[in-house]
Structures are given as C-alpha cells and as structure tokens.
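Please examine the model shown here and work through the questions that follow.

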Amino acid sequence: MCYLATWATYRTGDGKFDLTDLDPSLCTHIVYIFAGLDENSMTIKSIDSSLEKGYTNAGYQGLSNLKERYPHLKNILSVGGWNEGTAKYSKMAADSANRAKFIQSVVEFLKLHQFDGLEMHWKYPVVRDDKPEDRPNFVSLVKELKEAFTPHSLILAAALGATKYTLDLSYDLPQLDKYLDYMNVLSYDYHGTWEGVIGANAGLYGANNEDVVNVDYTLKYLLSHRVTPSKIIVGLPFFGHGYILKDPSTPKIEFGVTPITTKSFEGPYSKESGFMGYNEICEELSNPSSKWTSYWDDKTQTPYLRDGERVITYDNPRSIALKVKKAIEYNLGGVMAWSVDTDDFKGVCEKEADYVSVSYSTLRDFAHKYNRIANNPVLENILKNKNLPTASQLDKLTDIPSSPMDVVTRSKNRIWLAESESSNYALLHTIDDVIHLAIEEKGISDEIIRQLTDKASGQSNESMYTMVCYFCFI
C-alpha cells in the first residue's frame, strides 16, 4: 500500500511531488490522505484546499485515471489523521444516527470519486481524549461501515496505533478483525524528542530485553490477540527523526539512554521540525561535503547518522528489507509505505552502501544456504515441488559475481535476482525485490517443514537428522 500525501505538492524544488511523479507499477493500493469529517453535518468532506486550486496532485479524477493504464490498482481514501483531532470522530461514533449519516455520505463520496474503499484513520480512540466509550463505539462504526460497503464491494481498512499502550486502550482487536479487510499498522514514531532520550523511529527489535516498543513486538502482540495475519499490513516509514544531543561531546550513541534536547531541526523540503524524509536524508549522504557519519544499530536493526550534536534515526534499504522479510515470515497481508512522496522518487541520490545488503548480500546468503540443501539427495522432492534447480543445474548458472551490479537472472526460478536498475524510488524498489526473494526463501522453508512432518516419508533416522540439520541453516 502506497500512501500519498496530498500536501507534498506544496513542497519546493526536488521535494515537490505531483501525481505524475508516482510509479503505480510499484503499488497494489494507493491510500490518498486525507479527507475529513464535517462535524456539523456529520458527513465526509475534502480538506485539501488544493482541490480548488488546480494542483495536479490533488484531483481525485487524476487518481482514478491511473487505473486505465494500471487496472490492478485499488485506490483507497483515508479519512482522519492527526490534525483532524479526535473529538468530532468520538461524537460521530457515539450516536447511531450520526454514524448512519457519516456512512451514507462515505458510500456516496467513494462512488462519486471512484474510490475502491476507505481507511478510517482515527488517531486515536480513547487515548487522546480519554473517553473509554470510544473503544466499543469504534467497533460499532466499523461494523456498520462493513455492512454498508459489502453490497458495493468496497474495501474497509483502519489505521492502528502500534504501541501496546494504544492497542490496549483503543481497539477491541478480535471484534475489529471480524469486519476490517485490512489493519494498517502505523509501526513507526515509536520514539521521538518527547521522550528526552534518543530512540529508533521504527526499530525492528527493542533496544534491550525489556523494550516492547518495536515492530516485532507489535506484530507478535497483534497475532496473539487473534488478528488474522493476512489482514495485517506493516507500516514502513520513508522518513526519520532528527535529534540534538544534550551533550555534543557524547562519545557513543545508545538508544533509550543518550539524553537529547527538546529541540530539533527540519529538512529542506518537509520544513517540519524533527522530521526528515528519506529523500532529504539521502541527499545529505550524497553530498560530497556532507559531515554525516553512518552507523548501524545491531539491537534495533536500524541505521542512524551523526554530525556532531545532530543525530538522525531513520530507515534505509537494509532496514526496510529486514522488516519486509519479517512480514513474510509471519504470513502477513503486506506492507505499507508512509509515504511515497518522501522516497527518492526523482532518483537524485547515490545508493547507500547498505543497499547491496538488500538484493545482493541477502541473495548471496540465501544462495549459499540453498546450495547446501541442493546437494542433499534427501531434499530432492523439495526442489522438484518448488520447481527449483538441482545442485547440478545450479552449476550451469552464473556464479555469485564479485560485483552486485553483475547479478543477472539466468533462469526462470527466482534464486538469482537482479538488483533493480532503476535509479529512483530506492525504498519502493527494495520492497519489490525483497518480497520476491523472501517469499521464495520461505516457500522452501515451509516445504522442508512439510517434508519433516510427512509420516509417509519412510526416511531413515540418519537421513531425517541430516534434513533437520539443513533446515537449521535456512
């Protein structure tokens, strides 16, 4: 799911994003943010003033026209967002008559502007206004929306906060699971300047064993609360947070420990304190005179940059790839990009050194694992069932090259994936590359598990032991 921020059209220079900059071939769904709620009539409304000013990024019709060339696309309108607040949504959801007005207006609005569905982006029931009744009322709203949407085959999604605190207070997850098609998990903004210490924007894992504010914990929490895996869409941030250290002489950054000031700095395009799009970050790194030094945090599996007292925690192709692989590992429905207008959509940046870890180093690691199992005759059925080459066939393919740019696809199987040649959309292309590789890798792993549990296999204990040992390498 590719989120598209309508306000990006107002940015200047290379940060200005119009609908013509979008590459719909890299998305299955486009989520158009945001529409709002008219609290007087309790009906949905446009809150994008650019609709009346003729900006090319603003028109609903332009979005609909994309489907003529890209018929696979599903366009979803998101209603809400942080700036909309929560009070009027709480008022609407609390009254059955108000809910009915809202829902009728939504169906009419979606059909008029040829959207395929709606995302409720209420940030956040209960949490912001301390109204416990928001939790059951949100379920009622979602249930009634689904009932109204079903005759029209409209998609119903909801954006969910990602911390345990918000998940507990805001959402009756088993009930929401009955009615939502997708739960778009906002798995970022886990940490920020408000905490007084530096932290990863979207760490895959915690900074320590007690840290539950991370992507992996969020996903395990959702799954443990009976959320259907295929309905979970993992949020991937195409932005980072900027910090200013309280002590500029701090020798080493430690997430969750190193003190910061309450102030920050802004990017040249986004103009938002503490926020920098990936396009702004990668331009800094591509600048020959840049003073930023790159680091990788092993605990959280995220990159960060430092220039004296300034620090940026963000996501790059390497960390994005790890999150995509985690989504595949947990059999989730997909991932969402927040947002495409802060990717390097113009292709002005040099690729980060970590980029080769995505489709080359990861590929090499998997290929080596594959070669080990491909030489085991016990696993011949797995290779056959997955329509993958045997060890002898692999010998006929190109060897792992010395340069990542030399990787070429030489057969119909997906073991040998070429690195994306496109210079733009580094993060979106990363997602596309890694999804294919991760699915192939998981497919082989799943097939091994099936073979291990096949009672009719008739394999000797020694062969079974060998098979288990090879499985440990996957």
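Q: In which helix does Thr218 lie?
A: The model is predicted, so local features need pLDDT of at least 70 and side-chain atom pairs count only at pLDDT 80 or more, while totals for chains, interfaces and linings use all residues. Residues are numbered from 1 along each chain as its sequence is written, and side-chain values use heavy atoms, with hydrogens and water left out. Helices (H or I, at least four residues) and strands (E, at least two) are DSSP runs, numbered from the N terminus. The run of residues 215-224 holds Thr218, and this is helix α7.

Q: Is Thr218 buried or exposed?
A: Buried means under 20% relative accessible area, exposed over 50%, and partly exposed in between (1.4 Å probe, protein chains only). Because Thr218 has 1% relative accessibility, Thr218 counts as buried.

Q: Which residues does Thr218 touch, not counting residues up to four places away in sequence?
A: Contact means heavy atoms within 4.5 Å. By this criterion, Thr218 touches Ala162, Leu167, Val185 and Tyr190.

Q: Which residue has its backbone oxygen 2.7 Å from a polar atom of the side chain of Thr218?
A: A polar contact is a pair of N or O atoms within 3.5 Å; within protein, one must be able to donate a hydrogen and the other to accept it, and residues adjacent in sequence count only if both atoms are side-chain atoms. Here the side chain of Thr218 supplies one polar atom, and the backbone oxygen 2.7 Å away belongs to Ala162.

Q: Does Ile435 count as buried, partly exposed or exposed?
A: Ile435 is found in helix α13, residues 426-452. Because its relative accessibility is 27%, Ile435 counts as partly exposed.

Q: What distance separates the C-alpha atoms of Ile435 and Ile328?
A: Along the chain, these two residues are 107 residues apart.

Q: Which element gives the most to the lining of the largest pocket?
A: On a 1 Å grid over the protein atoms alone, a pocket is an open set of points where a 1.4 Å probe fits, with protein on both sides within 12 Å along at least five of seven lines; lining residues have an atom within 4 Å of a point. The largest pocket is lined by 45 residues. β2 (29-38), α5 (164-170) and β9 (239-244) each supply at least two residues of this lining. With four residues, the element that gives the most is β9.

Q: How many helices and strands does the chain have?
A: The chain has 474 residues, of which 54% count as buried. Its secondary structure comes to 14 helices and 14 strands.
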